[in-house]
Each structure stands twice: as C-alpha cells, then as structure tokens.
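Notebook open, structure loaded. I'm jotting down what I looked up, in the order I looked.

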Amino acid sequence: MRSEDKVETMKNDMYLACCSDSDIAAKAENGGAVTSLLKFALESKRVDAVVAVKARGGNRYNGIPVLITEPEEVMGCAGSLHCASPNIAQFLKEYLDGVANQKIAVTCKPCDARAIIELAKRNHIYFDNLILIGLNCTGTLPPARAKRMIEEEFGIDPFDVVGEDIEENKLILRLKDGSEKERDLKELEEKGYGRRDNCRRCDINIPTMADLACGKWGAKPNTTFIEVCSDRGSDFIAEAIKAGYIKVERPDDKAVAARRAMDKAAVESAQQCQEKDFADFKQMSIEERFNYWFGM
C-alpha cells in the first residue's frame with residue numbers, strides 16, 4: 001500500500017485502504033480506514049465536528065449518536081455496533097439545527113444516508129455542510145431481543161460479546177476471551193430473533209448515495225474497501241491520502257467481483273423476505289390496501 005504526495009481520484013474510483021496510525025490499526029476494525037478519515041477531517045479543519053455512534057458507558061446494546069470535536073475522541077467510536085441503530089438523520093435535524101452553522105462529517109448506514117438526503121430535499125438539513133461517510137450494512141438487531149437471543153441461543157452472557165458480524169447468512173459473535181460463536185441467521189430469524197424486520201427486507205447494502213461507501217466486502221484482511229461516490233468524496237479522500245492518514249491500493253478485478261457478488265447475494269436474500277412478508281398484501285385489491293394503510 002502507498003501514501004502518495006500527489007493523488008488524483010475521481011467519482012467511481014475504488015480503493016483498498018488502511019490507516020497509517022499503528023494505534024488506530026490495533027484498535028479499530030478492517031484496518032481502521034474510517035476512523036483515520038474521521039480523524040483527518042477534524043485535524044485538517046475540513047469539518048468542525050464529527051457525528052458517529054458510540055456505546056454509552058461501554059454498553060454496546062445502547063449506542064447513541066455523539067458530536068465529536070476533538071480528534072483524540074474519535075477512537076471511542078471505532079468498530080461496528082450491530083445491536084444499536086440510533087436515528088442519525090433526526091439527530092442532525094433536531095439536535096444540531098440541521099447543521100446550519102457548522103460543517104460535519106457523518107458516519108451513516110444506507111438508511112441513514114437516504115433519510116438525510118430526503119430531509120435535505122425538504123430544507124431540514126443543510127446538505128452542503130456534510131461529508132457522508134457511508135458504511136455497508138446488512139441489518140441491525142433490536143438490543144433487548146438481541147440480548148435475549150445471545151443468552152438463549154448462544155448460551156453466553158451478552159456482555160461477554162465485544163463484536164458482532166453478519167457474514168454469508170451467519171451471525172458471528174466475538175467474545176472477550178478471543179473466541180467466536182456463530183449461528184445460522186435465517187434459523188435465528190425464523191425463531192423471532194435476528195435482524196429488524198425492515199432490515200431483513202432492505203435491499204440497499206452499499207451506501208453509494210453517500211460521498212464514500214466503506215465496507216469489508218471484497219477487501220483483504222485489515223483493509224477497508226472504499227468506493228468514491230461523489231466529487232466531494234473524491235476531494236476528501238485524495239487529501240487524506242496525500243496527508244498520509246490512510247494508505248491505499250487499487251482492488252483487482254477479483255476483489256471488485258467478490259464485492260459485487262456479496263452485494264448481489266444480500267439483495268436476493270432481502271427480496272426473498274419481501275416476497276414472503278408481503279405475499280398477502282399483494283393479493284389485496286387497491287381498495288383493501290387503502291383501507292389497510294388508513295386503518296393503521
């Protein structure tokens with residue numbers, strides 16, 4: 001991997017990236033690229049603050065959006081929280097006055113990014129003041145139900161879990177002792193556990209509507225696969241590379257194909273859930289559908 005003095009990036013470019021800071025690399029996930037980008041955003045003064053999700057009091061089942069202005073505090077938000085899903089768009093609109101008076105870098109799942117864009121269309125959020133750093137997502141788990149599932153299906157203390165992953169229809173838990181436990185995700189969901197219903201049905205996993213789309217699909221170990229999705233994202237990542245915050249290399253065709261295949265499989269799974277969940281609804285007449293929605 002390289003950190004270049006002169007970097008030219010364009011929309012639709014793709015990279016495998018990792019951070020240059022060994023401390024971040026040791027603590028963050030997938031090479032720490034996203035954490036390093038947030039730190040760069042603050043230290044370079046490109047933004048006034050960062051919005052990310054943090055486990056309140058170290059409780060990964062109680063994730064909250066936080067406003068970070070000090071670069072050294074970014075590490076507190078490193079890593080994924082699959083059992084927490086705060087409303088990032090609402091946080092920007094209601095608690096930060098739609099970011100009218102400051103520039104902010106925001107980490108966001110595809111649903112967060114879409115909600116932010118819709119609120120911006122309605123002039124509730126100042127979109128030009130944002131840098132959206134999108135994170136791949138195949139779903140989140142309701143915290144209370146997740147803790148019960150971990151106790152009953154995995155037979156472990158939920159607070160022994162230090163990380164989760166959803167991969168190839170498996171729910172994988174990483175424990176304090178370094179071990180891992182996994183279960184078939186569909187089997188868990190058939191028992192009423194697993195992801196939120198809307199997450200099961202969601203077929204948008206890669207946030208290409210953000211400025212950057214970041215995830216591990218197609219990436220090598222300890223790297224993040226990043227797709228540049230806007231001119232603003234292109235400028236931002238080029239400056240981060242030039243400043244030495246992240247090192248990058250181009251993914252080969254195999255890596256790009258692997259990412260595409262993983263996304264395709266996730267989309268097909270979501271569409272199967274849609275067909276199953278909405279089968280009865282699709283049999284309704286227009287009048288019955290109207291009465292259903294207005295009777296809720």
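How many disulfides does a search of the whole structure find? I got zero, with a disulfide taken as a pair of cysteine sulfur atoms within 2.5 Å.

Ground rules before I go on. This is a predicted model, so local features need pLDDT of at least 70 and side-chain atom pairs count only at pLDDT 80 or more, while totals for chains, interfaces and linings use all residues. Residues are numbered from 1 along each chain as its sequence is written, and side-chain values use heavy atoms, with hydrogens and water left out.

**Cysteines**

C111 is partly exposed, with a relative accessible area of 42%. My scale for that: buried is under 20% relative accessible area, exposed is over 50%, and partly exposed is in between (1.4 Å probe, protein chains only).

C214 counts as buried, at 3% relative accessibility.

**Cores**

Next I looked for nonpolar cores, meaning sets of buried Ala, Val, Leu, Ile, Met, Phe, Trp, Tyr and Cys residues joined through side-chain atoms within 4.5 Å. The largest one has 29 residues, and L37, V50, I133, L212, I226, F236 and I237 have the most contacts inside it. Helix α2 (residues 33-43) gives the most to this core, namely seven residues. Another core lies apart from it, with 19 residues, including I88, F91, L119 and A120.

Element names are DSSP runs numbered from the N terminus: helices are H or I with at least four residues, strands are E with at least two.

Leaving aside residues within four places in sequence, V50 touches L38, L42, V66, L67, I68, I104 and A105.

**Helix α8**

Does the span of α8 agree with its length, or disagree? I took the expected span as 1.5 Å times one less than the number of residues. For the 12 residues of α8 (residues 231-242) that should come to 16 Å, and the end C-alpha atoms are 16 Å apart, so it agrees.

Buried residues in α8 are G233, S234, F236, I237, A238, A240 and I241. They pack against β1 (14-19), α2, β5 (130-135), β9 (212-215), β10 (224-228) and β11 (246-249). Just after α8, G244 takes a positive phi of about 85°.

**The eight-stranded sheet**

I traced an open sheet of eight strands, with mixed pairing, in the order β3-β2-β4-β5-β9-β10-β1-β11. Strands count as paired if DSSP finds at least two bridges between them. At the edges are β3 (63-68) and β11, each pairing on one side only. The twist from one strand to the next averages 30°; for angles, axes are lines fitted to C-alpha atoms (for helices over the stretch in contact), and angles run from 0 to 180 degrees between N-to-C directions.

Two pairings I opened up:

- β1 and β11 run antiparallel and are joined by four bridges; C18 stands opposite K247 in β11.
- Strand β4 (residues 104-108) and β5 run parallel with five bridges; C108 stands opposite G134 in β5.

I also checked how enclosed β5 is: five of its six residues are buried, so the rest of the structure largely encloses it.

**The three-stranded sheet**

There is an open sheet of three strands as well, β6-β7-β8, with antiparallel pairing. Its edge strands are β6 (161-167) and β8 (180-184), each pairing on one side only. Neighbouring strands here are turned by 20° against each other on average, direction ignored. Six bridges join β6 to β7 (residues 170-175), and the bridge partner of I166 in β7 is L171.

Which loop holds N30? N30 is in the loop between α1 (22-27) and α2. Its phi is positive, about 50°, although N30 is not a glycine. N30 counts as partly exposed at 31% relative accessibility.

N169 also goes on the list: phi is near 60°, a positive value in a residue other than glycine. N169 is in the loop between β6 and β7, and it is partly exposed, with a relative accessible area of 38%.

Notes: Contact means heavy atoms within 4.5 Å.
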